Amino acid sequence: MNVITVSQVNRYIKALLDESAPLRSIFISGEISNFKYYYSSGHMYFTLKDENSQLKAVMFSSYASKLKFNPDSGMKVICSGRISAYEKNGEYQLYVDDMQPDGVGALNLAFEQLKERLLNEGVCNDEIKKLLPPFPRKIGVATSYIGAAVEDIKNITARRYPLAELVIVPTIVQGTSASADIVKSIRLLDDIEDIDVIIVGRGGGSIEDLWAFNTEEVARAVIACKTPIVSAVGHETDYTICDFVADLRAPTPSAAAELVCPDMNSLSNELATLKSSLFNYINIMIDDNIQYVSELSHSPVLENYDSVLSSYKDNVEVLEARLSDSVLSSVETKSLKLSALAGKLNALSPLAVLARGYSVAQKNNEIIKSVSDINENDEIHIAFSDGGAICKVNEVVENG
């Protein structure tokens, strides 16, 4: 009897699968289920299934990081890779090297996925878009330093608005390193305090050529930009994620320069029109006021001002006499009332009572109102109209 171990069996089966030419490079279509993505490692684990069967699959981070879209359960895909066995549990599975959406391109799917996520976040809403300055003094440009795009921006700015200064940051706009370089250029321009507006973009191309402007890192850099930013990527029919999150989308780099720069000729014509309108308005105002003054100079008031003033003078004299009479009458009335009140006050005055021969007795500076308020040998003060006396009580006599 030839006895072998479980590990030997699994190792033998794995070797058979690994040596099978058809299974070393295989394309399999199916629907993803039980999808799991581990952020810490970057590995993806899922099951591919059709109506009758299912196959376990794994995509390691070195391959998963290259995907342009985000796989998820329920998505139909075409996976390429190899079939092998995992010795530890004896299960065979698909080791995925690449994955494409079945029926739609990976780039298109990635575009729609990121667009939907950003729209749901509200970062594409018009309410949060910054307005472009009407008269920019310094314009930042993030694009390739060689090519038609930058030349168009230079020429149009010089023609339309030569007062503006261009600050051009040479930027890689195509290839694997383009996204990071675009982000770097945007942040560099945004950190320059006197940059009024930024244009970011490039000329036209395929979706692969423009893909750097469809990445989330570029979108986040545009969203975080404090300076108003114009996206000018590709031709008029090309739309990128950068277009949705920017403050303004221009169909081409040339159009971006025209949107950012006011036309000096139009401004000059507009100023001339305003100047002419202003002078016409001033002349009309002067003519109207001359006519008004002329009409006033022939008015009855100015032509016969002596008679008009005379009537007003008579009215003033009448009012003055009435005011004088009213004041005198009021003073006399008040004077009579004051005399009457003074007489009443004098009649009630203690001094008047004393002058009629009465006196006031006090003890300890208090008026003595009754014999019960004093005792024998008390010292009291008697006030007369012309003086007073200090007396000693010899005897207290009560009435009755």
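Begin with the largest nonpolar core of this predicted model, a nonpolar core being a set of buried Ala, Val, Leu, Ile, Met, Phe, Trp, Tyr and Cys residues joined through side-chain atoms within 4.5 Å. This core has 55 residues, and Phe46, Leu94 and Met99 have the most contacts inside it. Helix α4 (residues 106-121) supplies the largest share of this core, seven residues. Helices (H or I, at least four residues) and strands (E, at least two) are DSSP runs, numbered from the N terminus. Another core, of 16 residues, lies apart from the largest one and includes Tyr161, Ala164, Val230 and Cys261.

Residues are numbered from 1 along each chain as its sequence is written. Local features need pLDDT of at least 70 and side-chain atom pairs count only at pLDDT 80 or more, while totals for chains, interfaces and linings use all residues; side-chain values use heavy atoms, with hydrogens and water left out.

Select Leu94 next. Contact means heavy atoms within 4.5 Å, and neighbours within four places in sequence are set aside here. Leu94 is then in contact with Ile26, Ile28, Leu48, Leu55, Lys56, Ala57, Val58, Cys79, Gly81, Arg82 and Ile83.

Move to helix α4 and pick Leu109, which lies in it. Is Leu109 buried or exposed? Leu109 counts as buried, at 16% relative accessibility; the cut-offs are under 20% relative accessible area for buried, over 50% for exposed and partly exposed in between (1.4 Å probe, protein chains only). Now draw a distance from Leu109 to Gly147: the two residues are 38 apart along the chain, and their C-alpha atoms are separated by 30 Å.

Two further buried residues deserve a selection. Asn214 sits in the loop between β8 (197-202) and α7 (216-224), and its relative accessible area is 4%, so it is buried. Beyond residues up to four places away in sequence, Asn214 touches Phe111, Leu114, Tyr239, Thr240 and Ile241. Ser185 belongs to helix α6 (residues 178-190) and is buried as well, with a relative accessible area of 3%.

Most residues other than glycine have a negative phi. Asn365, in the loop between β11 (360-363) and β12 (366-367), has a positive phi of about 65 degrees and is exposed, with a relative accessible area of 74%. In the loop between β12 and β13 (379-384) is Asn377, whose phi is positive and near 70 degrees; Asn377 is exposed, at 53% relative accessible area.

Finally, zoom out to the whole protein chain. How many helices and strands does it have? The secondary structure comes to 13 helices and 14 strands. The radius of gyration, taken over C-alpha atoms, is 54 Å, well over the 21 Å given for 400 residues by the globule rule (2.2 Å times the number of residues to the power 0.38), so the chain is more spread out than a compact globule. Along the principal axes, the C-alpha atoms fill a box of roughly 160 × 90 × 40 Å. Of the 400 residues, 32% count as buried. Of the contacts with a separation of 6 or more, 59% come from residues 24 or more positions apart.
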